[in-house]
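User: I would like to learn how to read a model like this one, feature by feature. Could you take me through it?

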Amino acid sequence: MKHSWKILTCNALLAGLAYADDVPGWHRVGSAREDFEIRLDREVHHGGTASGMLECTKKRSKGTGTLEQDFRPEEYSGRRIRMRAWIKGEDAGRVMIYIRSEGPSGEILDFANTQLHAGHGTFDWRLHELVIDVPPESTVIQVGLILGEKGKAWMDNVSVEAVDRNVSRTGPPFSSSQANPRRAGIVVDHPALNLDFEQSPQ
Ligand SMILES: [Ca+2]
């Protein structure tokens with residue numbers, strides 16, 4: 001509930017800003033979220049007619065902005081899953097994607113990102129993939145695109161699918177993190193939404 005309230009408040013505050021936080025299924029977070037804007041880009045896309053875009057509105061930010069979504073884990077419970085996403089950057093400080101599974105206390109059960117292969121500066125569409133486990137106790141899966149410091153980043157054609165156990169997890173062995181009160185008790189009742197960014201705002 002707390003999480004939903006924060007999102008609603010954020011959207012309400014930004015209601016007067018054209019395009020801000022107007023990407024169906026996705027929301028804006030990040031350590032310096034106020035320095036970044038998220039929107040659909042109908043000119044630059046990898047597939048279809050639109051992509052998800054994250055832009056730093058300052059010349060240089062001290063933090064990061066994130067284009068993120070939470071979705072229910074039921075379809076993948078007890079499975080290993082692979083996230084694939086096409087990303088692109090322009091004068092970007094740092095661009096990467098991440099995925100994680102969380103438990104009822106907000107603890108991270110498994111996590112992976114592309115930090116070691118982060119994109120910098122200007123680069124064309126490239127495919128990244130991450131593999132994590134979704135333990136049966138998972139209550140939410142979170143995926144996102146992170147832009148740090150400056151520039152623009154795009155994401156498109158995101159997919160999440162269950163894979164066989166012989167597909168290796170991306171990261172080193174991971175033990176569950178400590179409980180996170182800020183993320184505890186989040187209930188998400190919908191599957192992943194608008195992964196191709198083709199859905200328009202209502
Ligand atoms: Ca698209």
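Analyst: Happy to; we will go from confidence to strands, core and backbone angles. Residues are numbered from 1 along each chain as its sequence is written. This is a predicted model, in which local features need pLDDT of at least 70, side-chain atom pairs count only at pLDDT 80 or more, and totals for chains, interfaces and linings use all residues.

User: What does the protein average in pLDDT?

Analyst: pLDDT is the predictor's confidence in each residue, from 0 to 100. Here the protein averages 91, and 90% of the residues score at least 70. Residues 1-20 stay under 50, and the model has eight contacts for them beyond four places in sequence. Two residues are in contact if their C-beta atoms, placed from the backbone, lie within 7 Å.

User: Which strands pair with E8?

Analyst: Two strands pair if DSSP finds at least two bridges between them. Strand E4 (64-71) pairs with strand E8 (140-148) in the antiparallel sense over eight bridges. Within that pairing, Thr-66 stands opposite Ile-146 and Thr-64 stands opposite Gly-148. Strand E5 (80-102) also pairs with E8 in the antiparallel sense, over nine bridges. There, Arg-94 has Gly-148 as its bridge partner.

User: And what about the pairings of E1 and E2?

Analyst: Strand E1 (residues 27-29) and E4 pair in the antiparallel sense over three bridges, with Arg-28 opposite Leu-67. Strand E2 (residues 36-41) and strand E3 (residues 51-56) run antiparallel and are joined by six bridges. In E3, Leu-54 is the residue opposite Ile-38.

User: How many residues of E8 are buried?

Analyst: A residue is buried if 20 or more other C-beta atoms lie within 10 Å of its own, exposed if 12 or fewer, and partly exposed in between, with C-beta atoms placed from the backbone. Nine of the nine residues of E8 are buried, so this strand is largely enclosed by the rest of the structure. In a regular strand the side chains alternate between the two faces of the sheet. Both faces of E8 are covered: Val-140, Gln-142, Gly-144, Ile-146 and Gly-148 are buried on one side, and Ile-141, Val-143, Leu-145 and Leu-147 on the other. E2 is also largely enclosed, because six of its six residues are buried. E4 is largely enclosed too, with seven of eight residues buried. For the protein, buried residues make up 39% of the 202 residues.

User: Which residues have the most contacts inside the largest nonpolar core?

Analyst: In soluble globular proteins, nonpolar side chains tend to be buried together. A nonpolar core is a set of buried Ala, Val, Leu, Ile, Met, Phe, Trp, Tyr and Cys residues joined through C-beta atoms within 7 Å. The largest one here has 39 residues, and those with the most contacts inside it are Leu-54, Met-83, Ile-87, Leu-145, Leu-147, Ala-153 and Met-155. E2, E3, E4, E5, strand E7 (119-133), E8 and E9 each supply at least two of its residues. The largest share, 10 residues, comes from E5. Leaving out residues up to four places away in sequence, Met-83 touches Ile-99, Glu-129, Leu-130, Val-143, Val-158 and Val-160.

User: Is Ala-50 buried or exposed?

Analyst: Ala-50, in the loop between E2 and E3, is buried, because it has 21 C-beta neighbours inside 10 Å. Its C-alpha atom is 7.7 Å from that of Asp-196, a residue 146 residues away along the chain. Beyond four places in sequence, Ala-50 is in contact with Leu-40, Asp-41, Arg-42, His-45, Phe-197 and Glu-198.

User: Finally, which residues have a positive phi although they are not glycine?

Analyst: Most residues other than glycine have a negative phi. Asn-157 has a positive phi of about 45 degrees and is found in strand E9 (residues 152-163). With 18 C-beta neighbours inside 10 Å, Asn-157 counts as partly exposed. Asn-194 has a positive phi of about 50 degrees and is in the segment after E9. Asn-194 is partly exposed, with 17 other C-beta atoms within 10 Å.

Methods. Helix = DSSP H or I, 4+ residues; strand = E, 2+ residues; numbered from the N terminus.
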